Amino acid sequence: MVQDPNAKPTACLALADGTVFYGRGFGATGDTVAELCFNTAMTGYQEIMTDPSYAGQIVTFTFPHIGNTGVTPEDDETGDPVAAGMVVKWDPTQPSNWRSVDTLNNWLAARGRIAIGGVDTRRLTRAIRQQGAPHVALAHDPEGNFDTAALIAKARAFSGLEGLDLAKDVTCAQSYRWDEMRWAWPDGYPRQEAPKHKVVALDFGAKRNILRCLASAGCDVTVLPASATADEILAHNPDGVFLSNGPGDPAATGEYAVPMIQDILKTDLPVFGICLGHQMLALALGAKTVKMNHGHHGANHPVKDHETGKVEITSMNHGFAVDAQSLPEGVVETHVSLFDGSNCGIRIADRPVFSVQHHPEASPGPQDSFYLFEKFAAAMDARSA
């Protein structure tokens, strides 16, 4: 996608503070409002755009080579992009990857997602770090006609993510079974044909690769909507319960999810949570969550396991965090971020109930954190024994 750098701008990014960035639009046309974050990952833009945890957000990619590997349905984390839009430094190039089936531009346009290229993403990222994640309006008009005052007004009118339950917007409409395992050369995604454990996964915005990792760990996975009750979960007679990732404010989703989790904790079932699931498990145990300045979004985040001393290279995507100072007695902090010391994992001291803030399925390490799925399976083995 090569454009004349002197051509009239066809896209506009307006921040609520009145700052305006112009660039070249691609993907869908129109405008959208969201919170703006940045992601430092060098690969995985398709997985990022389809991660339900990015609902309500526009993603600035700090790595300039976006679009160079094209897109393939195998890399979708859910059916369609969930992130509201994307901001990149360079225009997407033609893909150079044997797995590619289409261009990023076509893929975004067909799925109604707006993007802007030709932006000084370093300047934008510094602004996000210094001022916090801003509210923005992103517009793409091939004719280059923009009402910047109206776009700034839309950005200022955006309510933000605090107090917002977005899990209800991205969760599944009804329950389903999952048996697809992690991708393996040369056959792609094999099926789990001899599962050992029945797991109910609560879908607050679950990524497909998390479900694949559960299946690869020997789990027969039944996925239930975010609004499922403890009685509905227990009716499946599971060996363990999984709490998925997802978008929005954990306290808002926790209005209905926390009582369910507390009821599950009255049983002896192993419980494993990731990201939003981690935050809501903490809420259910009596801790608090806080909105971060600009969050953690990337694939190079070092996380230390307090219990082993091991440092894992992890994938992160969260704008809220568990307040470690609020953890009650009997709840152990297991992992911390080596970037800022924020909480990245907890467990109940004497029970097989644990969770992490990072994404062990995303393979940035590449397999530093896969042991967490094996730990969950081992806890179900111990219970059945």
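This is a predicted model: local features need pLDDT of at least 70, side-chain atom pairs count only at pLDDT 80 or more; totals for chains, interfaces and linings use all residues.
**Exercise 1. Find where asparagine 237 lies, and state whether it is buried or exposed.**

Step 1. Asparagine 237 belongs to the loop between helix 7 (230-234) and strand 11 (240-243).

Step 2. Its phi is near 50 degrees, a positive value in a residue other than glycine.

Step 3. The relative accessible area of asparagine 237 is 57%. Exposed means over 50%, so asparagine 237 is exposed.

**Exercise 2. Identify which residues the cis peptide bond at proline 186 joins, and locate proline 186.**

Step 1. Tryptophan 185 and proline 186 are joined by a cis bond, with omega about 0 degrees.

Step 2. Proline 186 is in the loop between strand 8 (176-178) and strand 9 (197-203).

**Exercise 3. Describe how helix 8 and helix 9 pack.**

Step 1. Two packed helices are described by the angle between their axes and the distance between the axes.

Step 2. Helix 8 covers residues 250-264, and helix 9 covers residues 276-284. Their packing angle is about 65 degrees, and the axes are 9 Å apart.

Step 3. Helix 8 and helix 9 make a right-handed crossing.

Step 4. List the partners. Helix 8 contributes residues including Pro250, Ala257, Val258 and Ile261. Helix 9 meets them with residues including Leu276, Met280, Leu283 and Ala284.

Step 5. Sort the contact by class. The contact of helix 8 with helix 9 has 10 nonpolar residues, four polar ones and no charged ones.

**Exercise 4. State how many residues the largest nonpolar core has, and which element gives the largest share.**

Step 1. The largest nonpolar core has 33 residues. Leu202, Phe204, Ile233 and Leu265 have the most contacts inside this core.

Step 2. Elements giving two or more residues to this core are strand 9, helix 7, strand 11, helix 8, helix 9 and strand 16 (343-348).

Step 3. Helix 9 supplies the largest share of this core, with six residues.

Conventions. Residues are numbered from 1 along each chain as its sequence is written. Side-chain values use heavy atoms; hydrogens and water are left out. Axes are lines fitted to C-alpha atoms, for helices over the stretch in contact, and angles run from 0 to 180 degrees between N-to-C directions. Helices (H or I, at least four residues) and strands (E, at least two) are DSSP runs, numbered from the N terminus. A crossing is left-handed if the near helix is turned anticlockwise from the far one by less than a right angle, and right-handed if clockwise. Contact means heavy atoms within 4.5 Å. Ala, Val, Leu, Ile, Met, Phe, Trp, Tyr, Cys and Pro count as nonpolar, Asp, Glu, Lys and Arg as charged, and the others, Gly among them, as polar. Buried means under 20% relative accessible area, exposed over 50%, partly exposed in between (1.4 Å probe, protein chains only). A nonpolar core is a set of buried Ala, Val, Leu, Ile, Met, Phe, Trp, Tyr and Cys residues joined through side-chain atoms within 4.5 Å.
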